[in-house]
Amino acid sequence: TRIPNSRIIFTPQGSDLLVLPNKNFLVKKFLSYKLSKVAYIIADSNLLLNKSLELSSSLKKSKLKLIQNGIPLSDIKELITKDPNPIRRDIDICWIRGLGEIYQFKYFLKILKRISKLSKFEINVTIISAYGPSFIPKELNYFKNINLTISPRLTSLDFLKILYKTKIVVSIPKSDSSPRSVYEAISLGCNIFATNLECFDWLPKELKSKFIFSSSNLKQDSYELIKAIENFDENTNLSFKKKYPQFYNSLDYKFIAKAYIKTFEKALKAN
């Protein structure tokens, strides 16, 4: 059965708007026509919503809804509650993204290579295969002072356990409108080495202070990472929830479900 455009609620992936329209003219043309016809566009960052407006000049801003994807706050709370005193963070750097060009994995390798030469101590690095088995360059095994662990794709809970043992989580994609794992890492007391993207603009100042934003300068980024590892505070305060209720409510599945239902009801009433 054909669904009328006025009853469609579009929830795009980052690649749908940030990548595909630039690669395929037909996709771009289709979106420029279709986006203004749907009831609502729900995205988890202004980056995607602004791109929607850019692709469709006739799209009304009232059709745009900012709703986060959410994170498993109950699992995070349980991990922290089991051991209220910070556990020993024996992973210095954790890579949580894919290995494709958009994630800048090659740049990460250059950073590790430089760090291996600059560091006076051994650095424990974990690379998680976010999308299943991936080819990891053999040269990584020969970087001096880098103790490497390759992890397969993990369950949500096992992934959180890795983050809870990590000092610095790396997420440096060229474009990323869904940094769910970054929010999980923040909630578990990690520091973040990230690309400075619009999707982080809504973060409270203190939470954003946990970020080291990539300068794309190999020398500077390598130095900043070594300094962050050396100065990492094991006694990081994990009780952010009471301090920043708006941030955590925005990531709570119950809150998100209510926001979606409210949007669905508006779309139905309009018809």
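## Tyr183 and Phe200

In this predicted model, Tyr183 and Phe200 are both buried. The structure holds 12 aromatic pairs. In the pair formed by Tyr183 and Phe200, the ring centres are 6.5 Å apart and the planes meet at 85°, so the pair is edge-to-face. This pair links distant parts of the chain, 17 residues apart. Tyr183 belongs to helix 8 (residues 180-187), while Phe200 sits in the loop between strand 8 (191-194) and helix 9 (205-208).

Both residues also belong to one aromatic cluster, together with Trp202, Phe211, Phe213, Phe247 and Tyr248. Leaving aside residues up to four places away in sequence, Phe200 touches Tyr183 and several others, including Pro179, Val182, Phe211 and Phe213.

Tyr260 and Phe264 form a tilted aromatic pair, with 5.9 Å from centre to centre and 50° between the planes. Both lie in helix 13 (residues 253-269), four residues apart, which is about one turn of the helix. Phe264 has a relative accessible area of 39%, so Phe264 is partly exposed.

In soluble globular proteins, nonpolar side chains tend to be buried together. The largest nonpolar core here has 33 residues, and Leu163, Ile192 and Phe200 have the most contacts inside it. Elements that give two or more residues to this core include helix 5 (73-82), strand 4 (91-95) and helix 12 (245-250). Helix 7 supplies the largest share of the core, five residues.

Another core, of 27 residues, lies apart from the largest one. Among its members are Ile93, Trp95, Leu109 and Leu225.

Conventions: Residues numbered from 1 in each chain as written. Predicted model: local features only at pLDDT ≥ 70, side-chain atom pairs only at ≥ 80, totals over all residues. Heavy atoms only, no water. Phe/Tyr/Trp six-rings, centres within 6.5 Å; stacked < 30°, edge-to-face > 60°. Buried < 20%, exposed > 50% of the residue type's maximum accessible area, 1.4 Å probe, protein only. Core = buried A, V, L, I, M, F, W, Y, C linked by side-chain atoms within 4.5 Å. Contact = heavy atoms within 4.5 Å.
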